[in-house]
Structures are given as C-alpha cells and as structure tokens.
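Have the model open as you read.

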Amino acid sequence: MVKEYKYRGLALEEIQGLSLEKLFELLPSRARRSLTRGITDGKRKLLEEVKSVKAGKSNTQIKTHLRDVIILPYFVGLTIHVYSGKEFLPVTIRQEMVGHYLGEFVRTNKRVIHGAPGVGASRSSLYVPLK
C-alpha cells in the first residue's frame, strides 16, 4: 500500500481548498513572511501563467528565472523550467515540494572533474609526456 503524503496533516485536496490566509498559517515562517510582504510583478506574472496552464487556456512551457518563488499547492503536477545560470532545467512539481523554493531543485554549478595536470603545474609535471 502506498503511503499518502500529507502536508502538516492535510491531504493535497484539503490544502488546495484552503484560503490563502489559512494556507499561510501552515507554511514555515520564512515562506509566510515572504508571501505576506507582497508579491512582485515578476512573481505575479508567473502565478498567472501557472493558473492559465492549470485551467487549460495555455499549453506553453513555463520558463522562469525566478528561483525565489515559493511552491504553492496549485503548482503540483506542473513542469516548470527554471534557469540554472546556463540553461533552463525542467522541474516537475510534486506534493513534497510545497513550501520550498523553486531554486532548491535546480543546481547552479556542476561538479568539478579534474583532468591531468598541465605543463608547468608543478616541477614534476615537466617530465610528463604531452602525448
């Protein structure tokens, strides 16, 4: 049997039915403070785009540079392409992500993979053949 995910004791359907004031009470304090201070124009545009895709009015990809948007319950099920600094990476929103920031799920740097040392890197590298 698959365990049903609940956010603070409430199922996803219950959370989606809550008013914004009741939803804010469930969120952590940092997210609550960020949302109660107001929504900027860029965030408002993203929220309107999410609502139009959920309503079926638009079927375009949602692309955003905004990594500091808090994931709300009505984002669940969408794929949002978030900018990593180099490219847009797709993030499929799941129930467990509610209350987190979009930027938490996209890495901004890649793992460093070191190659062989170059000529002049150290005294011993002078004797390393180039080919």
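## Spaces and strands

The largest cavity is lined by S34, L35, G38, I39, K43, L47, D68, V69, I70 and L72. Helix 3 (29-36) and helix 4 are the elements that give two or more residues to that lining. By class, six of the lining residues are nonpolar, two polar and two charged.

Some ground rules before going on. This is a predicted model, where local features need pLDDT of at least 70 and side-chain atom pairs count only at pLDDT 80 or more, while totals for chains, interfaces and linings use all residues. Numbering starts from 1 along each chain as its sequence is written, and side-chain values use heavy atoms, with hydrogens and water left out.

As for terms, a cavity is a set of points, on a 1 Å grid over the protein atoms alone, where a 1.4 Å probe fits but cannot get out; a pocket is an open set with protein on both sides within 12 Å along at least five of seven lines; and lining residues have an atom within 4 Å of a point. Grid points are joined across faces, edges and corners, and a volume is the space filled by probe spheres set on the points. Helices (H or I, at least four residues) and strands (E, at least two) are DSSP runs numbered from the N terminus. Nonpolar means Ala, Val, Leu, Ile, Met, Phe, Trp, Tyr, Cys and Pro; charged means Asp, Glu, Lys and Arg; the others, Gly among them, are polar.

There are two cavities of 30 Å³ or more.

| Space | Volume | Lining by class |
|---|---|---|
| Largest pocket | about 160 Å³ | seven nonpolar, no polar, three charged residues |
| Largest cavity | about 100 Å³ | six nonpolar, two polar, two charged residues |
| Second largest cavity | about 50 Å³ | seven nonpolar, one polar, one charged residues |

The largest pocket has L20, F24, L35, I39, R44, L47, E48, K51, L72 and Y74 around it. Helix 4 (41-55) and helix 2 (20-26) each give two or more residues to this lining, and helix 4 has the largest share, with four. Around the second largest cavity sit Y5, K6, Y7, L10, L12, I15, P73, Q95 and V98.

Now the strands, which pair if DSSP finds at least two bridges between them. Strand 1 (residues 62-64) runs parallel to strand 2 (residues 79-83) over three bridges, with K63 opposite H81. Strand 2 is joined to strand 3 (residues 88-92) by five bridges in the antiparallel sense, and I80 faces V91 there. These two form a hairpin with four residues between them, where G85 in the turn has a positive phi of about 105°.
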